[in-house]
Amino acid sequence: MTITVFSTKRWVRDALDEANGRHAYQIRYLEARLERETAALAEGSDAVCIFVNDNADRDTIEVLAERGVKMIALRCAGFNNVDLRAADDHGIIVARVPAYSPHAVAEHAVGLLLTLNRKLHRAYNRIREGNFALDGLMGFDLHGKTVGIVGTGTIGRIFAGIMRGFGTHVVAYDRYPNDELVASGVEYVSLKELYQRSDVISLHCPLTHETYHLINTYAISAMKRGVMIINTSRGALIDSLAVIEGLKNGRIGSVALDVYEEEADLFFEDLSGEVIQDDVFVRLLTFPNVLITAHQAFFTREAVGNIATTTLANIAEFVAKSECANCITAQNAYG
Ligand code: NAD
């Protein structure tokens, strides 16, 4: 079994090498991102292993199929970057890592919320410059506030539990309400009501055709003035231009982003010596009430280890049975 790993970083290689001790697969590591232009590099591989900013669209999948690739093994939970219908059409199996550490992502969302509210990012810089003034650093008590959660799957449920621990009232929107959350006091409401009532809104739903630009001008106009929005899910859930407008006119009080619609050209690289060409992103960086991390919510020791172990276990199961429990098809993903 030969596997070509795209978008390799040192931590990816270390984790996969350790997990491969149990399998002894031939692994070829590439720094390149998977896209149509790089897909031919998988020549001679049975599987390709990809991450969140690789692009397995129809054109790319056609090249992979021509080169004999039989499996796309995602090192992540989200699969919005894979054309599942194209994969089905070419008989390529797609597998993902459905849950590697939902705690990592939920805890990062909480970290963003607390940092943004108490302005710790600004305080950190001030203190280092000998500025001990408190002006501009006032936050609000989280206790007693209403937190709205869009998507109460694996991560959203954990985030809800932590928020309940802070003494907030949690309202949620999901097509499939969770009975345990209801029993714990979470109130399911319509999306509109969630927008109207929430002081903080955290996004934990997948990116689909339905959720693309979920947070747009219309949604923002329904929200409480001064709302805090947190996105650790996928960048394109948010219309960045609408959010910039909302920040400028004060409808939005603050925003924390671990993901960004055009992140593929930015995140995971050291661009500190370069001129960033994305003007929308640079505008977001200028707001004192915007906090951005570069898709690191998943990045804990536990999660990275689990990702590597599950990715190779998915491949092993595919080798043994020509299918695997973590496989996704257009049919089971979209119905
Ligand atoms: P999950 O599949 O367990 O849960 C997703 C939930 O969203 C489900 O309950 C589903 O019913 C709900 N949902 C689907 N469509 C919806 C809609 N239109 N409106 C409201 N809810 C909807 O997924 P998860 O493991 O909880 O992950 C959530 C998202 O987090 C993933 O899709 C992924 O994009 C993102 N993620 C980000 C990171 C990171 O490092 N930032 C890491 C892992 C996952």
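A polar side-chain atom of Thr154 lies 2.7 Å from an oxygen atom of the ligand, a polar contact being a pair of N or O atoms within 3.5 Å. The model is predicted: local features need pLDDT of at least 70, side-chain atom pairs count only at pLDDT 80 or more, and totals for chains, interfaces and linings use all residues. Residues are numbered from 1 along each chain as its sequence is written, and side-chain values use heavy atoms, with hydrogens and water left out.

| Residue | Protein atom | Ligand atom | Distance |
|---|---|---|---|
| Thr154 | polar side-chain atom | oxygen | 2.7 Å |
| Arg175 | side-chain N or O | nitrogen | 3.2 Å |
| Phe298 | backbone N or O | oxygen | 3.1 Å |

Of the 860 Å² of accessible area that the ligand has on its own, the protein covers 88%; such areas come from the Shrake-Rupley method with a 1.4 Å probe. The ligand is surrounded by 24 residues, of which Tyr100, Thr154, Ile155, Asp174 and Thr232 are the closest; a residue is near if one of its heavy atoms lies within 4 Å. This shell comprises ten nonpolar, nine polar and five charged residues, where Asp, Glu, Lys and Arg count as charged, Ala, Val, Leu, Ile, Met, Phe, Trp, Tyr, Cys and Pro as nonpolar, and the others, Gly among them, as polar.

Seven strands form an open sheet in the order β8-β7-β6-β9-β10-β11-β12, with parallel pairing. Strands are DSSP runs of E with at least two residues, and helices are runs of H or I with at least four; two strands pair if DSSP finds at least two bridges between them. Because β8 (187-188) and β12 (290-292) each have a single partner strand, one side of each is left without a neighbour in the sheet. Strands β10 (residues 227-231) and β11 (residues 252-257) run parallel and are joined by five bridges, and Met228 stands opposite Ser254 in β11.

Helix α6 (residues 154-165) lies across β6 (146-150), β7 (169-173) and β9, at about 175° to β6.

A further open sheet has five strands in the order β2-β1-β3-β4-β5, again with parallel pairing. Its edge strands, β2 (26-29) and β5 (93-95), each pair on one side only, and the twist averages 20° from one strand to the next. Three bridges link β1 (residues 2-5) to β3 (residues 47-50). Helix α12 (residues 301-321) packs on this sheet, touching β1, β3, β4 (71-74) and β5, with contact meaning heavy atoms within 4.5 Å.

Definitions and conventions: Axes fitted to C-alpha atoms, helices over the stretch in contact; angles between N-to-C directions. Polar contact = N/O pair within 3.5 Å; in protein donor to acceptor, adjacent residues only side chain to side chain.
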